[in-house]
Amino acid sequence: MPSHDPASGRLIKAPENFISPDGVRQVFREGKAGRRDFVRGAFAAAVASAAAPAVLAQANPVPAEGGDANILQLPAHSTGLGQAVATDGYGKPSKYEANVQRRPSPGLTQTTQASVSFAPLQSLFGIVTPSGLHFERHHQGWWDIDPSKHRLMVNGSDDKMLARPMVFTVDEIMRLPSVSRFHFIECGANTGMEWGNVAVPTCQYTHGMISCSEFTGVPLKILLDMAGVDYKRGRYVLAEGADGSSMTRTVPMELIESGEVFVAYGQNGEMLRPEQGYPLRLVVPGVQGVSWVKYLRRIEVGDKPYGTKDEAIHYIDLMPGGLHRQYTSTQECKSVITTPSGGQVLLDKGYYQISGLAWSGRGKVKRVDVSVDGGRNWKTARLQDPVMSKCLTRFSLDWAWDGKPTIVQSRAMDETGHVQPQYSQVRAVRGTRSIYHNNAIQSWLVQESGEVKNVQLS
Amino acid sequence: MSSCHNTALRMLLGLSLVAAAAGALAQTAYPGVGRPATPKEVQAWDIDVRPDFKGLPKGAGSVAKGMDVWEGKCASCHGIFGESNEVFSPLVGGTTKDDVKTGRVARLNDTGFPGRTTLMKVSSVSTLWDYINRAMPWTSPKSLSTEEVYAVTAYLLNMGGIVPDDFVLSDATIGQAQNLLPNRNGKTLDHGMWPGKGMGNGGKPDVKPVACMANCAAEPKVASFLPDFARNNHGNLAEQQRPVGPQRGADTTQPAAANAAAVAVAAATAAPKAAAGGAGAAALALAQKSSCTACHGVDSKIVGPGFREIAAKYAARADAEAYLTGKIKSGGQGVWGQIPMPPQTISDNDAKLLAQWLATGAKK
């Protein structure tokens with residue numbers, strides 16, 4: 001490692017967090033209005049705005065006294081007695097991890113019950129999202145429902161759609177043959193704030209409406225078979241929640257017949273978290289989160305789609321020409337680099353492992369390419385095992401940063417051969433006002449100072 | 001792991017085959033699990049209404065009745081004319097008489113038009129009826145009678161200039177309303193994002209990039225980035241990054257240029273703050289439970305004033321507690337703006353507790 005003046009590594013205390021509500025409103029107003037007068041054209045211009053002399057934090061100096069005090073003077077934890085077993089019946093993260101939190105984006109919503117919190121992707125390893133950091137999307141607030149009183153009903157849109165409408169208790173659902181599978185869940189509006197221009201600073205806010213868990217539950221096909229469904233007529237399923245919003249979405253019967261869709265009660269080895277739909281939620285792999293109905297109370301089998309609010313008024317994609325795409329469901333091939341990513345400061349030049357997440361709602365991730373020169377040249381990244389269908393895949397690439405400004409990007413390809421598009425490519429087809437299903441390549445500008453900035457390229 | 005997965009899948013397929021092979025056997029494949037739903041139970045929960053109006057209960061409601069319902073139960077969030085964006089996106093606006101004729105909302109092509117209202121987007125009146133019936137009003141969903149749902153849907157359409165003042169929406173007239181919906185022809189299913197055969201183009205993507213590996217693009221040009229004034233708009237990013245690892249969070253309370261040397265760690269490593277306790281927390285929990293927080297923030301206005309703003313305004317008033325108890329119980333309009341606060345169904349005791357808390361400064 002290169003050596004630097006240890007004094008330059010001095011770290012200072014940050015002031016208390018403060019957000020000016022007026023400032024927040026202003027930037028969102030301007031973001032929504034598509035104001036671009038702050039947008040400058042050239043790469044050089046963006047770099048110049050932060051071209052202060054880089055003073056880098058020292059990684060690991062040898063102090064003048066010939067050894068590190070952390071080594072030479074034994075700490076209390078090496079010389080004392082630690083804490084007892086079961087001090088905490090449900091263990092919590094280290095107190096030093098307090099920064100790793102899911103967070104709302106200021107100004108995005110005007111209520112806290114019809115809102116979103118974003119998962120801190122910048123701080124996560126591997127592919128599993130800790131259940132307490134799973135992103136949240138509630139439409140009418142969340143509940144902690146007594147599982148002994150929760151029921152799941154299966155019925156038909158008419159008397160002949162199935163042989164017998166049925167009712168199941170949670171006890172009964174948990175008696176049936178189960179599957180446990182790893183899948184990502186992504187909100188259809190993930191990265192939606194960035195359709196027109198850069199609006200948010202970090203990958204928590206650009207991509208944090210995605211999480212990945214091992215879910216456990218009963219394939220919906222089993223329940224439909226028990227009810228004696230007429231699969232010839234019943235080509236659509238309506239899933240409905242028990243909460244105030246009683247969220248509904250139409251799901252195609254093909255996904256249920258394939259065995260993929262299941263009624264989940266488990267998440268990462270324990271029961272679902274209340275914020276994720278305790279005690280039952282539908283898992284619809286590859287499909288946007290709004291279809292994974294929480295607090296699932298009813299499944300109706302029908303011969304036509306249902307035109308629900310969240311497939312016919314919201315979660316619809318405005319196309320150039322003024323038509324709205326309805327029933328858009330599949331989350332297409334997408335990826336994001338989480339290290340280094342927006343809002344971070346690299347501590348020094350030298351070796352870094354570029355690392356990120358890739359996924360596709362159409363199957364497995366086949367390949368991820370990474371560019372460290374703004375998209376001119378690409379190298380194929382390593383994929384970390386296991387690579388599973390409709391699941392997050394972790395990728396990485398070795399990188400030695402020379403201290404010069406550069407732009408890093410990742411581009412995923414799935415097993416169908418579909419390649420993640422650049423912004424210019426996706427906008428050429430879908431314009432900039434869709435809100436939903438933005439799967440464009442994310443660009444992070446690593447500045448000379450080491451600070452990483454969210455940028456979009458022309 | 002993948003072998004586990006495969007075994008589970010094979011098991012599942014095996015079971016499904018058994019079940020599919022004999023429908024009558026399906027029920028007995030898992031004896032003792034599940035029971036038939038009674039007609040009464042199905043009726044209680046089967047509330048969905050499809051675009052072909054399957055599921056729509058018989059009934060009727062007039063525009064005039066809808067106006068009463070609206071002002072009592074809807075205007076506090078959506079505005080007197082459905083135009084408010086204080087709490088939710090506006091419902092009404094942006095549609096014209098011409099759109100009613102064509103079934104396409106012309107303003108959806110106007111990039112200068114600020115937003116998209118519900119009436120600009122909705123293509124099936126069943127969607128409005130179904131959603132109002134299942135989820136409105138926001139703080140007491142499923143409380144409207146069938147007549148009220150018809151009436152308030154009629155009033156919403158009337159505010160959009162879609163049906164006349166004397167219109168009565170019913171199971172018999174809803175087809176007429178459908179044929180006047182401004183964006184009834186504004187939807188498309190021509191896309192590859194429906195993972196089934198019944199709709200869409202069979203899953204073919206619309207954007208088809210090629211994975212170029214070398215000498216792909218010219219010099220990259222940055223077209224968009226966050227302006228400096230927005231640097232701290234998501235809070236101090238130094239406190240949103242782990243304080244150990246290959247990087248730190250940028251101290252966004254400082255200008256970008258000054259930041260490199262000032263990698264904030266000390267504050268970032270601080271132990272989590274102790275949870276707030278005491279009477280303030282209890283009052284705030286009560287406010288939350290009573291859905292007050294849907295419209296009132298602690299410090300600042302959402303649709304109604306923030307709790308502390310209320311506290312500050314009435315700090316000097318001797319009868320503040322009694323006055324605020326009355327306001328909570330009976331609602332009001334005009335003190336803080338034109339959007340009315342509806343009377344709250346809350347016990348006298350709870351109203352008094354909240355008023356007491358407000359009158360003494362709304363402390364946490």
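## Domains of chain B

Domain bounds here come from an automatic or database domain assignment. For chain B, that assignment gives domain 1 (60-178) and domain 2 (279-331 + 343-359). The model is predicted, so local features need pLDDT of at least 70 and side-chain atom pairs count only at pLDDT 80 or more, while totals for chains, interfaces and linings use all residues. Residues are numbered from 1 along each chain as its sequence is written, and chains are lettered from A and ligands numbered from 1 in the order in which they are written.

Taken over C-alpha atoms, the centres of domain 1 and domain 2 of chain B are separated by 31 Å. Six residues of domain 1 of chain B are in contact with five residues of domain 2 of chain B, contact meaning that the C-beta atoms, placed from the backbone, lie within 7 Å. The side of domain 1 of chain B that touches domain 2 of chain B comprises three nonpolar, two polar and one charged residues. In this classification, Ala, Val, Leu, Ile, Met, Phe, Trp, Tyr, Cys and Pro count as nonpolar, Asp, Glu, Lys and Arg as charged, and the others, Gly among them, as polar.

## Helices H7 and H8 of chain B

Helices are DSSP runs (H or I, at least four residues), as are strands (E, at least two), numbered from the N terminus. Helix H7 (residues 125-135) of chain B packs against helix H8 (residues 146-159) of chain B at an angle of about 130°, their axes being 10 Å apart. Axes are lines fitted to C-alpha atoms, for helices over the stretch in contact, and angles run from 0 to 180 degrees between N-to-C directions. H7(B) and H8(B) are therefore oblique to each other; angles under 35 degrees count as roughly parallel, over 145 as roughly antiparallel, 65 to 115 as roughly perpendicular and the rest as oblique.

From H7(B), Leu128(B), Trp129(B), Ile132(B) and Asn133(B) meet Val149(B), Val152(B), Thr153(B) and Leu156(B) of H8(B). By class, this contact of H7(B) with H8(B) has six nonpolar, two polar and no charged residues.

## Helices H12 and H13 of chain B

Helix H12 (residues 320-330) of chain B and helix H13 (residues 348-359) of chain B also pack at an angle of about 130°, with axes 8 Å apart. H12(B) contributes Ala320(B), Glu321(B), Leu324(B), Thr325(B), Ile328(B) and Lys329(B) to the contact, and among the residues of H13(B) are Ala351(B), Lys352(B) and Leu354(B). The contact of H12(B) with H13(B) divides into eight nonpolar, two polar and three charged residues.

## Chain A

Chain A contains 10 helices and 24 strands.

Key:
Contact = placed C-beta atoms within 7 Å.
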